[in-house]
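Here is a short briefing to read alongside the model.

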Amino acid sequence: MTQSRTRVPWVAVAALAGLTAGTVRARRRLAAVPVLDTDAPADSVPADGWQLITARGVEVDKATLAAAVAYAERTGLQLLDLVPGQLDTEHALGMLRDLDLKDSRFARTGKVRGAGHALLVADHVRDRSGAEVETDLDTVELHTLLGRLKEYATAATGIAIAPGVTAPAPDLAGRAAELRAQGLPPRLVAAVQLAGLALLVRAAATDRRWGAAALALYWLQPALVLGRRGSSPLRPADLTRVAVARPLHCVGTALRTAAGDDPGLAGTLSELEALRPGYAADLKEGTDRFLEPRRPDCPWCGSTELTVRAHMPDLFQGKPGHFTLEQCGGCGHTFQNPRLSLVGLDFYYRDFYDGLGVGGAAHVFGTMGPSYRGRAAMLKPFGKPAAWLDVGTGHGHFCDSARDIWPDTRFDGLDMAATVREAEARGWIGTAHCGQFPELAAGLVDRYDTVSMYHYLEHTRDPLAELDAAAEVLPAGGHLLIELPDPESRLGRLLGAHWLPWFQPQHQHFIPVANLRQALAERGFTVLAEEHGAAHQSCDFIGAVLLTANRLAPNPYAPWGPGGASVARRAFRTAVQTAALPCYAAAAALDTARAAVARATDGGNAYRLLARKSPPAPGAR
């Protein structure tokens, strides 16, 4: 007699495990948020040098203000988000879902997630930011202001629960605008909520034991996280009502979020339309002028043995044009051919890191704190840097994060974009150098003992000239650190045009590690360390889903597109993005596994080199 196998209800088990982990994580995060002590006399701490900023309908008493100032001064904070003790359940759970604290502070990089009700800011931070702080702000404006101010107090921004702060009734109609102000896409958040609830219902319907347990935990989660009346510092007045009707409340909130009137989105659309005439004028003469004539030989070794490796459009922004990557049969160098002209560089970079793209770029860079610190720590076994120049620094995220590893090092930045000036104003770098590295090199000689080029050389028109500049600037014994996408990654071949590190049309050169080693040796450098697994960026499969979705359904509002976003085009993009949600979940799991393999085998989609400039040979001139 054959014994039947017991079917494992993987969907229900996974849902229960995910909810359990989420509940435990939320309770831990809540426990990490300090609570202000308002028992001290209200007049015992002067508030000179501080400004309290509140949202409309929020009141802060003198005892709370004194406690907030005392806490900020005692802990060295310059910006403090005050969370009302009776913050409503929806906002409290949303905040805990995204809260990322270390020692009661927000990380240097990353988006700050506050309650959006009250802020305490040091006067000098407010003044340096140039933010115009007005009265009678709404929560959306306060979230935006918090993000702006945090850029000027990256290592000194914290959060605390203020039991005495009043919280007005939540405005669910404005939830979409609030999410967007915090850097979250409202419709995607709503879609994830609805998809998660649908998954729970399906699990409960197909497996009565595990599925019912998962659904019950979902129902009880608000009470389990926030409902401990005796000890929980957050005590939402609407907790019982929301907990009892949670599935219905979730559906209603998600639908209102997806269909809500979002003033932020309306502002974005008007901004897009304002850019359309300029892009139309740029495209009137076609896209051929954005590319130089195709070159017949390899820019690295001069070989004419070239083959096409990939051919693709702009899969990120969806700007018009097609781009070809060719590989040299002589040295393996892969490069954009034909490459962008100077006019093309201006066209395709515009609104990617600045303008329309500044928020998205800041979000991506803000998630890379561990990578930044890993790059900086690579130097630890070989020396202590005194003055560090980061070439291609952008907004200065690396320099700001690297101070966690090298607090006594002076970090300066160089970039051709004006963002380097903003990095200096924020204090993320000491001195800003704006321009091309080879052109500025002569004035930087012997000013730095360390130069870094992280994901920079692939953007340049002539990477060998950039290496020459580094050799000119650094003294004997100086260190050069480089990180690049690895064109020898197997996933580059497997995913083809949808491999994210190809990053067309911005990336113009892909240098095999052997080629870079040789080029460094020719310029008097000795390679001290090489990392592949540690440099891996967990983006291969998620990037493939993103680029595929963009290819199938480009943004219908893009100012370089045809305009007139029809109902059909908008609906199709929404359908594609919604259908991609389970693909993103699967891709995230694959990327996690891929990252673990990359670190275990020291192989990934990028590599790092650390080299030291050797002293000149005896008798050399």
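Predicted model: local features only at pLDDT ≥ 70, side-chain atom pairs only at ≥ 80, totals over all residues.

Helices (H or I, at least four residues) and strands (E, at least two) are DSSP runs, numbered from the N terminus. Residues are numbered from 1 along each chain as its sequence is written, and side-chain values use heavy atoms, with hydrogens and water left out.

**Backbone details**

- Most residues other than glycine have a negative phi, and most peptide bonds are trans.
- The peptide bond that leads from Q504 into P505 is cis, with omega near 10°.
- Another cis peptide bond links N337 to P338, where omega is about 5°; P338 belongs to the loop between β9 and α12 (342–349).
- D351, a residue other than glycine, has a positive phi near 65°, and it sits in the loop between α12 and α13 (358–366).

**Helix pairs**

- Two packed helices are described by the angle between their axes and the distance between the axes.
- Here, axes are lines fitted to C-alpha atoms, for helices over the stretch in contact, and angles run from 0 to 180 degrees between N-to-C directions.
- Angles under 35 degrees count as roughly parallel, over 145 as roughly antiparallel, 65 to 115 as roughly perpendicular and the rest as oblique.
- Contact means heavy atoms within 4.5 Å.
- Residue classes are nonpolar (Ala, Val, Leu, Ile, Met, Phe, Trp, Tyr, Cys and Pro), charged (Asp, Glu, Lys and Arg) and polar (the others, Gly among them).

*α1 and α3*

- The axes of α1 (residues 10–32) and α3 (residues 89–98) come within 9 Å and cross at roughly 90°, so the two helices are roughly perpendicular to each other.
- On the α1 side the contact uses A26, R29 and L30, and on the α3 side L96, R97 and D98; by class, that gives 3 nonpolar, no polar and 3 charged residues.

*α7 and α8*

- For α7 (residues 186–206) and α8 (residues 210–226), the axes come within 7 Å at a crossing angle of roughly 140°, which means that α7 is oblique to α8.
- L197, L200, A203 and A204 of α7 touch G211, A212, A214, L215 and Y218 of α8, a contact with 8 nonpolar, 1 polar and no charged residues.

*α21 and α22*

- The axes of α21 (residues 540–552) and α22 (residues 567–579) cross at roughly 160° and come within 9 Å, so α21 is roughly antiparallel to α22.
- This pair has a right-handed crossing.
- A549, N550 and L552 in α21 make contact with F572, R573, V576 and Q577 in α22; 4 of the contact residues are nonpolar, 2 polar and 1 charged.

**The second largest pocket**

- The volume of the second largest pocket is about 220 Å³.
- Its lining has 16 residues, and R295, P299, R339, R461 and H509 lie nearest its centre.
- The elements giving two or more residues to this lining are β9 (334–336) and α18 (463–473).
- By class, the lining is made up of 6 nonpolar, 5 polar and 5 charged residues.
- On a 1 Å grid over the protein atoms alone, a pocket is an open set of points where a 1.4 Å probe fits, with protein on both sides within 12 Å along at least five of seven lines; lining residues have an atom within 4 Å of a point.
- Grid points are joined across faces, edges and corners, and a volume is the space filled by probe spheres set on the points.

Note on methods. Left-handed = near helix turned anticlockwise from the far one by under 90°.
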